[in-house]
Amino acid sequence: MTLNRRDFIGTAVAASAALSAPMVRAQGAPRVVVVGGGAGGATAARYIAKDSAGAVNVTLIEPTRSYYTCFFSNLYLGGFKQMDELGHSYGGLAANGVNVVHDWATGVDRDAKTVALAGGAAVPYDKLILSPGIDFVDDAVAGWDLSAQNAMPHAYKAGSQTELLKAQLAAMPEGGVFAMVAPPNPYRCPPGPYERVSMIAHHLKNTNPTAKIIVADPKGKFSKMALFQEGWNNHYAGMIDWIGADFGGDVVEVDPAAMTVSIDGEVTKVDVCNVIPAMKAGMIAHAAGVTDGNWAPVNAADMSSKADPDIYVLGDASQQGDMPKSGFSANSQAKVCANAVRGALTGSRVFPARFSNTCWSLIDTNDGVKVGATYKATEEKIAKVDGFISATGESADLRKATYEESEGWYAGIVADMFGAKA
Amino acid sequence: MIRPLAFCLALVPFGALADDGYSEEDIREIASDYGLSAEPLMLGGDVDYGAYLAGECTTCHQTSGAYDGIPVITGWDALFFKIAMHEYRAKSRENPVMQTVAARLGDEEIAALAAYFAGLEDD
């Protein structure tokens, strides 16, 4: 029997009717305020507005007009993407019922239940979702602070910093030295620094093949380490010197004025230096008083703060357990949170939390690898259920298919965050 | 093999047979072609539950039906959606992401997802 799925037309269901329902704001509708329009915040705002169809008033507070995704920004450094491909506006969210406010959230009054904006307004909420991403820990790398970010960019919040780093790489003298100071755990995008090394090596191999790459790393091992090291040997032999904690990679000082990096006391003159400092939750999480140390502890079942049941923290800023800090994770957590928040405010059905993550990395042209897992909520934390990782020695065809899958994922997640492009 | 009708009805709380347009005999024959047991394929799905579970899919698969490197899963016939997911769960269909996602989906979850995505039209 031969059957083609295209021979059959699916039954129309209530879900599509709900999606096209007019957005009517009821007076006195419960108010959700979301701070931060990245993978966590944009997704949460979009899902609550979409699924409540006007029954919940959703405000998103995000200072930037165009959001540049940190994910895939390494591919821009490698020459595989243009910066404008990474930029996304909030027009799709506004058109789908989210009140988008471009301002900085500067404080939270948890008693009055209001968010203070830099512009002077106070925005009231019934439920507050914080998804501010990361900030850098002060004095994490000796000699570096934010005033040095032009001489030694972090490029770990995408946009102008990423463009600056790319311009510096393009201007590197022949046979020059690029240094990266890698961050300690936990940090945004565990494979990110090593994909970046790969992409910079790809760029230099084509434009400046006698250039050298030095990585000072406070860790002894890193995400997808065997896959990256195999790829570096295959594609960029002799170009990359990774210095882990066992060899002094954790004893680093930089001098942005002199453009030198000291690793375990050995001073090297460099041409370009990418300093990725230790990270902490974005400022508003600390201002709201929901952090414990660098991060904001949450309950795994709904991403609610352990400090305040009406505040939720998503993505990189949260301390949730086993999930890596990634855009995929934030997007996954946002959908669990959105279901729980909408249920709490409107009585809609709330389903058990379930999370997943996949991180793709590009090592060289058509050489993609991935790692991923599923997760569940326990009383204690978000706990890993099951996972997978690409194997060393995979065929070129499989690696190419993995890269193409990552392209599809990028299109998928930005559509899931911001709505499908018109 | 003939089963009593009452047994089959107990497996079909949402009237999947009628909605999907397959007779029990069709489903048994198709299941046999794919080396799967027929009963889970006869389950009807809870669309609201499917809409929630779909959050795990829509990070990659676009609900608009657009294709950019990840297969389109909107507007699939529900039976063949269930077959694909059961094959991933049984690891007889390749792709580690899908095998890992499917590994923890029960028959009810697969039926719910199938019902939800069958109702989403492609662009």
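Me: Where in chain A is A:Pro186 found?

Reply: This is a predicted model. A:Pro186 is found in the loop that runs between β11 (177-181) and α7 (192-207) of chain A.

Me: What kind of peptide bond joins A:Asn185 and A:Pro186?

Reply: Most peptide bonds are trans. The bond joining A:Asn185 and A:Pro186 is cis, with omega at about -10°.

Me: How should I read the phi of A:Phe72 and of A:Met259?

Reply: Most residues other than glycine have a negative phi. A:Phe72 has a positive phi, near 80°, and lies in the loop between β3 (66-68) and α3 (73-77) of chain A. For A:Met259 phi is also positive, near 55°; this residue is in the loop between β14 (252-255) and β15 (260-263) of chain A.

Me: Are these two residues buried or partly exposed?

Reply: Burial requires 20 or more other C-beta atoms within 10 Å. A:Phe72 counts as buried because it has 23 such neighbours, whereas A:Met259, with 17, counts as partly exposed.

Me: Which residues have the most contacts inside the largest nonpolar core?

Reply: They are A:Leu130, A:Val313 and A:Cys337, in a core of 165 residues. Helix α7 (residues 107-118) of chain B gives the most to this core, namely 9 residues. Leaving aside neighbours within four places in sequence, the contacts of A:Leu130 include A:Val35, A:Ile284 and A:Val313.

Me: How many helices and strands does chain B have?

Reply: Chain B has 7 helices and 0 strands. Of its 123 residues, 47% are buried.

Conventions
Residues numbered from 1 in each chain as written. Chains lettered and ligands numbered in written order. Predicted model: local features only at pLDDT ≥ 70, side-chain atom pairs only at ≥ 80, totals over all residues. Core = buried A, V, L, I, M, F, W, Y, C linked by C-beta atoms within 7 Å. Buried ≥ 20, exposed ≤ 12 C-beta atoms within 10 Å, placed from the backbone. Helix = DSSP H or I, 4+ residues; strand = E, 2+ residues; numbered from the N terminus. Contact = placed C-beta atoms within 7 Å.
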